[in-house]
Structures are given as C-alpha cells and as structure tokens.
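Let's take a walk through this model together, starting with its rings and ending with its helices. Have the sequence at hand as you read.

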Amino acid sequence: MSFRSGEVIVRLVELDGLRVKQFISLRDSMELMSRILSEGGVRGTIVVDSGEVVDNGELYWALRRLGARLAPVSSSGVENVFTPLDNLGFYDEVVPDRFRVYNSTEELLYRNWPTPIVKLNSLSDGRVNVWAKLEFYNPFSNSIKDRIGWFMFKRALESGCGESHLLYEATSTNTGVALASMAAIHGFKAKLFLPATVQKASDVLLKVLGAEVVRVPKRITVEFVEDVDREARRDGSLHLNQFENDANFEVHLRYTAKEIDYQLMGAGIRPRAIIGGIGTSGHLSAIAFYFKNKTRNSIEVYAAQPRPGDTIPGIRRIESGMKWIHWVEIDDIIDVARDDALREMINLARSEGLLVGMSSGAVIAAFKKLRERGIQEGDYILVFPDHGCKYVEQLSEYLKRESPGT
Ligand code: PLP
C-alpha cells in the first residue's frame with residue numbers, strides 16, 4: 001500500500017523485511033514509543049534505500065519494539081504525514097489463531113496467545129468488576145515467565161549468541177522451567193541457580209526437563225545474580241539474565257500489555273486499574289508504560305510486593321533491586337503478608353474453583369487492600385502470573401497451621 005505526501009511517495013512495508021545497521025537501546029526508544037502510544041500513530045517515515053534503513057532508525061526501533069507489522073517508509077524524509085497504528089498491523093500479532101493447530105511446541109507458546117481474561121464473580125459486585133489475566137495458560141512453566149524465556153532466548157539466537165549451547169540463569173523456578181524447556185527444544189544444556197527459599201519440588205521439575213540445579217543458600221539479590229554472571233563468563237555459557245535483559249520488558253510490552261488492551265477493547269471494557277506483582281518488574285513495568293501512555297494516564301497501575309521480612313515466591317520488594325519499574329509511573333506499591341497471599345489463593349480456589357499461585361494470591365490481597373481504602377467503580381484487572389500446583393508445600397504447611405485436621 002502506498003500514498004502520496006506532497007512530492008514523496010509513502011509506502012507501508014513489512015518491518016521484518018527491512019535491514020538496519022544502527023541500534024537504538026530500549027531506554028533511548030522509550031520517549032518515541034511513548035509519543036506513538038499517546039498519539040495513537042506515527043509521525044514521519046523511515047527513510048529506506050534498497051531495503052536498508054538509512055535515516056530515522058529511531059522510528060524503526062520504536063515500531064519494532066511496539067510490535068507493529070508495517071512501517072511507513074519513503075525514499076526521502078517526510079515529516080508531515082501521520083499514520084495511525086491501526087494501519088500498521090499493530091494488533092496483528094495478538095489476534096488469536098482460529099483453529100489452534102501448531103507446528104511445534106514453541107509455536108504452541110507464541111501463537112496460542114492471548115491468554116484468557118476471566119471475570120471473578122466472587123470479587124465483583126456490579127459497581128466494581130474484577131477480571132483476571134490467567135498466565136498459567138502458558139504451556140511450559142504454566143506461568144508468565146514462558147514469555148520472557150522464549151523472547152530472551154530468541155533474541156540471543158538472532159544475535160548469534162549461544163555457541164556453547166550452555167545456558168545459566170538465576171531463577172525462583174518459573175523462568176528456570178521456561179528456559180529449561182527452550183533449552184530442551186534447541187539442544188542446549190541449562191544450569192539453573194535457585195535460592196534456598198524456593199520449594200523442593202522445583203528441583204524435580206527442572207531435572208525432569210534436563211536441567212542441572214544448583215541451590216544457593218541466599219535470597220535472589222543483585223550479588224546472587226552477579227555470582228551467576230561470573231560463573232557463566234568463566235564457563236563460556238550464555239547468561240540471559242532476566243533481571244537486566246530488555247527483552248523481558250519488550251516481550252511484555254509487545255504481547256502481554258497489548259493483549260490485555262486488545263482483549264478488553266473487544267469485550268467493551270475500559271479498565272480503571274491494573275494490579276500485578278513485581279519480581280524482575282518486567283511485566284508490570286511494560287503494562288504500566290503501555291497503558292499510562294495509551295490512555296494519557298487515565299488508568300491506574302498498582303504493584304504488590306511482600307511486606308518486610310516475608311517471602312512470596314516470584315515477587316520481591318522494590319528496594320531489592322529491579323530495573324524497569326524505575327522507568328515508568330506506578331500509582332502505589334502495596335505490601336502483602338505471605339499468609340494473606342496464601343489465604344487469598346485458598347479463598348479463590350473455594351469460590352471460583354481456580355487454583356492460582358502465591359503471587360496471584362498476593363495480587364488479590366493487594367486489590368482487597370485498595371478496596372478497603374475506597375475505590376471508584378469500574379473494571380479492575382488482576383494479572384495472575386502462575387498456577388497453584390507448584391505451591392503444594394507452602395499450602396500444606398499453611399493448612400496444617402491454620403486449620404489442623406484438613
Ligand atoms: N509471580 C511469579 C510466580 C513469578 O514467577 C514472577 C517472576 O518470576 C513474578 C510474579 C514477577 O514477574 P516479573 O519478573 O515480570 O516482575
């Protein structure tokens with residue numbers, strides 16, 4: 001497709017077909033991405049010569065990170081043309097496949113999106129409606145972490161890393177399972193470093209997937225990750241590093257956040273607020289960036305973190321060191337007690353028949369705290385990162401303590 005802007009022809013071309021030499025970092029791309037999301041489209045064109053980007057590489061990288069299929073292109077720069085995102089195949093990647101037949105288990109992940117959103121009637125009263133995005137529908141780790149495992153791995157292979165076919169990562173289980181699956185699919189060997197606090201069942205799951213498991217008697221901290229990085233460098237292994245790798249934020253921007261937008265638009269729901277947990281901060285930061293910009297700050301975003309001294313697998317306190325959350329706007333961070341997270345998991349199981357993970361329980365507890373403070377009517381979206389099956393040890397300990405005999 002093409003159109004004329006003054007003397008210049010503007011063509012809409014497949015972004016994937018363009019070659020680019022210049023690299024713009026995520027951080028440097030964010031201002032332009034923010035403008036594109038808030039204006040709902042793109043000003044100007046990418047200047048291309050024989051399929052190669054020769055000017056306005058910033059626009060190339062912004063559109064690529066936002067997951068547009070097409071880009072407005074000209075042979076000399078055009079400033080005064082505006083192309084709406086809808087004309088650029090912005091939502092194409094998140095439109096569900098109709099027949100759901102897949103050519104590989106990897107495709108089963110990225111072509112099976114969006115993961116479902118379900119109304120939680122037990123928490124809704126008509127004035128306030130609560131919806132949950134169910135990330136346990138991802139096939140490998142039954143968690144939101146499949147997205148980053150896939151995307152970080154894919155990006156590394158695209159840039160020629162991974163010759164050693166060895167992969168090291170610090171993980172509290174889910175990223176480890178996702179990466180162990182990617183390693184199995186691509187013939188890599190994964191060595192995963194788990195903090196002592198994580199449930200024992202994780203070792204078994206990871207070993208079944210062919211990974212080597214190393215237990216470290218510490219919580220995941222910056223030093224923990226630095227130790228893994230040092231070992232990986234010593235052994236010539238690929239360390240994707242979910243805590244620093246911008247592919248983490250990018251996959252959630254391009255897919256998770258956009259899916260929620262696409263799904264809610266289709267259902268005619270305009271969210272009042274989105275609530276999620278923070279571990280690396282990848283998913284909630286990307287969701288905040290996307291919705292804050294796209295709705296000109298009219299949607300609130302809240303983060304759940306464990307209260308001081310408590311552990312809730314998968315989520316951490318913001319001061320323990322995380323990257324992307326400091327680049328975006330969050331309305332508030334809500335402390336949750338471990339026992340409240342467990343109690344809300346059980347409440348949900350007994351009211352909705354849905355067994356979700358501990359960080360999902362924490363997200364419910366955070367929502368309830370907000371509700372107690374007094375919230376406006378509207379639709380509230382809770383992001384549930386994983387399934388409850390992994391937390392049998394924590395649940396059985398809680399049940400023994402709180403209701404002996406069950
Ligand atoms: N919940 C669970 C169960 C997780 O495994 C994780 C991350 O490991 C999170 C929440 C936090 O997600 P993020 O790392 O995107 O902040």
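The paragraphs below cover aromatic contacts, then strands, then a pair of helices.

A word on the ground rules: this is a predicted model, where local features need pLDDT of at least 70 and side-chain atom pairs count only at pLDDT 80 or more, while totals for chains, interfaces and linings use all residues. Residues are numbered from 1 along each chain as its sequence is written, and side-chain values use heavy atoms, with hydrogens and water left out.

Start with the rings. A search of the whole structure turns up 17 aromatic pairs; rings of Phe, Tyr and Trp (its six-membered ring) pair if their centres lie within 6.5 Å, with planes under 30 degrees apart called stacked, over 60 edge-to-face and the rest tilted. One of them joins Tyr91 and Tyr262, a tilted pair at 5.8 Å centre to centre with 35° between the planes. This pair links distant parts of the chain, 171 residues apart: Tyr91 is in the loop between strand S7 (82-84) and helix H3 (105-110), and Tyr262 is in helix H8 (residues 246-267). Helices (H or I, at least four residues) and strands (E, at least two) are DSSP runs numbered from the N terminus.

How accessible are the two partners? Tyr91 is buried at a relative accessible area of 12%, whereas Tyr262 is partly exposed at 27%; buried means under 20%, exposed over 50% and partly exposed in between (1.4 Å probe, protein chains only).

Now to the strands, which pair if DSSP finds at least two bridges between them. Four strands form an open sheet with parallel pairing, in the order S12-S11-S10-S13. Strand S12 (212-216) and strand S13 (238-239) stand at the edges with a single partner strand each, so one side of each has no neighbour in the sheet. Inside this sheet, S10 (residues 166-170) and S11 (residues 189-195) pair over 5 bridges, and Ala170 stands opposite Phe193 in S11.

Elsewhere, S4 (residues 46-49) pairs in the parallel sense with S6 (residues 70-74) over 2 bridges. S4 also pairs with S5 (residues 52-55), in the antiparallel sense over 3 bridges. S4 and S5 form a hairpin with 2 residues between them, and Ser50 in the turn has a positive phi of about 50°.
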